[in-house]
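Me: I am new to this structure and would like a careful, close look at one part of it. Please start with the whole chain before turning to that part.

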Amino acid sequence: MTAKAILIVDDDELRCELLAELLQDEGYAVRIANDGVDGLDALEREAADLVLLDIIMPRMDGIRFLQVLPQRIESPPPVIVISGSMDSVGGKTLEEMNVAGTVRKPVDPATLIETIETALSQGAMPGD
C-alpha cells in the first residue's frame with residue numbers, strides 16, 4: 001500500500017519540520033510549501049491526498065489558497081486548517097469554504113492525526 005501524501009502549507013519552518021516528522025512517523029509521505037503560491041504549484045506538479053494549511057502567510061494566505069484551489073486543481077484534496085482561533089472569514093465559515101477540518105494551535109498530535117484520518121476517510125473536497 002502506498003503511503004498517503006500530505007502537503008503542509010505553512011510559512012513557519014519549525015512547525016513544518018515538527019509536523020513532517022510526526023506525520024512521517026505515522027507512515028505518511030510529506031511535502032512542504034512555505035506559502036499558498038508554492039502550495040498550489042506543488043499540487044499542480046504532484047497530487048496530494050490531503051493539505052494541512054496555515055491561514056496567515058506571506059504572498060498568498062490560506063483564505064486565498066482555499067478560494068483558488070478548486071480553480072487550479074481539478075480534484076482538490078481535502079484541506080485541514082491549522083489555526084489559532086479562526087472559525088470564519090469574511091462572513092463565511094471554514095465549512096462553507098470546503099474545509100475538511102480545523103486543528104487549533106498549539107497543535108495536539110493526537111488530535112491532528114485523528115482529524116487527518118477522518119478527512120482522508122471522507123475523501124476529496126465537497127462539490128467534486
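What share of the 128 residues in the chain do buried residues make up, and where do α2 and α3 meet?

Reply: This is a predicted model, in which local features need pLDDT of at least 70 and side-chain atom pairs count only at pLDDT 80 or more, while totals for chains, interfaces and linings use all residues. Residues are numbered from 1 along each chain as its sequence is written, and side-chain values use heavy atoms, with hydrogens and water left out.

Buried residues (under 20% relative accessible area, with exposed meaning over 50% and partly exposed in between, for a 1.4 Å probe and protein chains only) make up 43% of the 128 residues in the chain. The mean of the pLDDT, which is the predictor's confidence in each residue from 0 to 100, is 89 for the chain, and 86% of the residues reach 70 or more. Over residues 124–128, however, the pLDDT is below 50. Where pLDDT is low, the predicted coordinates should not be read in detail.

The chain holds four helices and seven strands, which are DSSP runs numbered from the N terminus (H or I over at least four residues for helices, E over at least two for strands).

As for the part you ask about, Gly36, Gly39, Leu40, Asp41, Leu43 and Glu44 in α2 meet Phe65, Val68, Leu69 and Arg72 in α3, where a contact means heavy atoms within 4.5 Å. The axes of the two helices, lines fitted to C-alpha atoms over the stretch in contact, with angles from 0 to 180 degrees between N-to-C directions, come within 11 Å and cross at roughly 20°. Therefore α2 and α3 are roughly parallel to each other, since angles under 35 degrees count as roughly parallel, over 145 as roughly antiparallel, 65 to 115 as roughly perpendicular and the rest as oblique.
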